[in-house]
Amino acid sequence: MSTIIIYTILTLSIIGVLSAIILYFVAQKFKVYEDPRIDLVEAALPGANCGGCGYAGCRAFADACVGKGELADLFCPVGGNDTMSGVADILGIEAIKKDPRTAVVRCNGTCEHRPKTNIFDGAMSCAVAASLYSGDTGCQYGCLGCGDCVTSCDFDAIHMNPETGLPEVDDDKCVACGACVKACPKTLIELRKKGPKDRKIFVSCRNMDKGAVARKSCSVACIGCNKCEKECKYDAITIANNLAYIDSDKCKLCRKCVPVCPTNAIIELNFPPRKITVSDEATVETAKPIVKAPDQTTAEAKAESSEN
Amino acid sequence: MLKSFKIGGVHPAENKLSAQKAIEVLPLPKSVFIPVGQHIGAPAEAIVQKGDQVKVGQLIAKSSGFVSANIHSSVSGTVKKVETGPDTSGYPKKGIYIDVEGDIWDEKIDSSPELNSEITLDAIAILAKIQDAGIVGLGGATFPTHVKLVPPKGMKADVLLINGVECEPYLTSDHRMMLEHTEELIVGVQLLMKALNVTKAAIGIENNKPDAISKIIKIAYAHSNISVVPLKVKYPQGGEKQLIKAVTGREISSGALPISVGAVVTNIATTFAVYEAVQKNKPLFERVVTVTGKSLKNPSNFKTRIGTSIGELIEAAGGLPENCGKIINGGPMMGKAVTNTEIPVTKGTSGILMMPETEAKRGEIMPCIRCSRCVSVCPMGLEPFLLMTVSEKQIWERAESERIMDCIECGSCSYTCPANRPLLDYIRLGKGKVGTIMRNRKQ
């Protein structure tokens, strides 16, 4: 009886040792060299695997960083400049600095400003709604309100405001990965430069119809009147297809364009409330009431909610 | 036992409210909006300008490619503007606005009601006439007919099928056409047979239209090569692939066209349009539209000029019912809800359906209970629940390998789902995405 046990243990041990020897040589033969820096770079990355850099995940991005040997078009929007300088240190190359960006929703057509013309009864998905028709309001460019951007966000940074029916970005959480930009079938979301103290000025509209048509469907639509373009001293505003666009790289955040907009389509975010001072008098004369403008309140409310 | 297609299918309540109403001619509208893209393929190019005088049947937009179709004026009057106008999709589409003045027809058109059954033209001349007249599939798909009648190289048609199924509930325009224009239809069938160079034709009609079946049999009796095939009532029998399977028993492989099994299918209204184009020189500028709904005062079949707003049809049928919850362009199964009543009747408009609020609203979406009813009703043998999930999760490779492109969008799955899942909504989305991916791959 005991001999059987001994033989069994012996045989198994010999098989085990032999297999180990074979496996050792096989492993040597088929060894794949992997740059140890890939692991180091991966460890330095945030590990969110969001795909904001354009690669399948953090590992793939680390692979690309080491493989390319330069960081010219590689940037991790989640980690930002700090992470990228860390990566550059590991690889011994120079990091490219980029301005931090954040997502903004370029539609301000709340239920009040943009009345509904029909009720969408299909699946709650912007992609489905957009594939079926132009939307539940008169504006074919505006937000559909089904929240594809909210579902696409891995960072809990964008939420629907039930009162306005529009999504709102939480600047503190947004990492500018661009998932919502891709998810929006109406291309309403844009990644814009994060100004000092998160201050932003942008045209909150994508309506490319002629002024009268745009105004008819939404009271806060950009009508392409050129007023803001004339007002801007820094050539930051351009008008194309009846729609104004503010270049966030050129914009100096002077806020001069905001009061001249006849439809309040230009939004300022995270600014302190305006004071009517003597030096601003010239602006005040030409402009419409600033403090009481309906969108001002929305903008402030937004600013408040993101501060909280 | 009556013939039908083998797998799947549903039987929604027929509700053919206007089946006994003879076709009425709708009074001329004050103005029309004629879109230049009323067919599958490239939109036509407008050849008239603001201020031009046009006659009924005059060419106003020229076909801009092989898969495209001519557009003719449906009224006489002055061109008001060439601009964008309302469309079922909600996105503005380009078209021609015409203010109606009188009713002056182009001299070439033979507007007499007499039957002209003498076929004098050869196949090429018939095809040319069909192309000039801008005829497209009037069942709803609006595929240019002249393209369908010219098989691709190496393929040959041996049978012509006429689709008199009208399986969509509520719609009766083809049914009335079969009863009121039977002789013309038979001439149309002969013309199509000559154009295609085939020796036999079959007209498939569901047996919920016994009057149409007996009338067509009576007249087709004189022509031994035209047979009438009564079919069991089942939706979506009017689908090309389903009709071919039901009538001939031939099965079309995945991704292939009906011509691959030697069959060409045209719809009843299209066949009538072919008769008018070839024998009467009349381009396609009017069609029969069913205006119907349970609470509508007077459900009717109207012979309508293309470009008339659907609002006028609704007025003519007794006005918008108070409890109307949804206006549908087409039938209840495959039609599209519209967002306003200014949209024009186009070549593809087979019906306008007003659904009461109680029926129009979709039920609350619940989780899938894996009952597999959608699988058993799918006439293409697909798994709708799976296609929906992969589309929702955006797994396009899987969607393609599960043959999402075979879906004919009949809506049987959504109709039958006890959990009210929006199956077709997502499948259609997936089809769009996968279609784009496949096209990009080919380039």
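This is a predicted model: local features need pLDDT of at least 70, side-chain atom pairs count only at pLDDT 80 or more; totals for chains, interfaces and linings use all residues.
Local features are described where pLDDT is at least 70, and side-chain atom pairs count only at pLDDT 80 or more, while totals for chains, interfaces and linings use all residues. Residues are numbered from 1 along each chain as its sequence is written, with chains lettered from A and ligands numbered from 1 in the order in which they are written.

Start with confidence in chain A. The score is pLDDT, the predictor's confidence in each residue, from 0 to 100. Chain A averages 86. At least 70 is reached by 89% of its residues. Helix α1 (residues 2-29) of chain A has the highest confidence, at 95. The lowest falls in helix α12 (residues 294-307) of chain A, at a mean of 43. Helices here are DSSP runs (H or I, at least four residues), numbered from the N terminus. Across residues 280-308 of chain A, pLDDT is below 50. Beyond near neighbours in sequence, that stretch still has 30 contacts in the model. Two residues are in contact if their C-beta atoms, placed from the backbone, lie within 7 Å.

Now the domains, whose bounds come from an automatic or database domain assignment. Chain A has domain 1 (36-91) and domain 2 (101-307). Six residues of domain 1 of chain A touch seven residues of domain 2 of chain A. On the domain 1 side, four are nonpolar, two are polar and none is charged. Ala, Val, Leu, Ile, Met, Phe, Trp, Tyr, Cys and Pro count as nonpolar; Asp, Glu, Lys and Arg as charged; the others, Gly among them, as polar.

Chain B splits into domain 1 (29-109 + 283-359), domain 2 (123-280) and domain 3 (373-442). The centres of domain 2 and domain 3 of chain B, taken over C-alpha atoms, are 28 Å apart. Seven residues of domain 2 of chain B meet seven residues of domain 3 of chain B. The domain 2 side has two nonpolar, four polar and one charged residues.

Where do the chains meet? The contact takes 12 residues from chain A and 12 residues from chain B. Chain A's side holds four nonpolar, seven polar and one charged residues.

Last, a helix pair in chain B. Helix α1 (residues 123-132) of chain B contributes Ala123(B), Ile126(B) and Leu127(B) to its contact with α4(B). Helix α4 (residues 182-196) of chain B supplies Leu191(B), Lys194(B) and Ala195(B). Five of these contact residues are nonpolar, none is polar and one is charged.

Key. Helices (H or I, at least four residues) and strands (E, at least two) are DSSP runs, numbered from the N terminus. Axes are lines fitted to C-alpha atoms, for helices over the stretch in contact, and angles run from 0 to 180 degrees between N-to-C directions.
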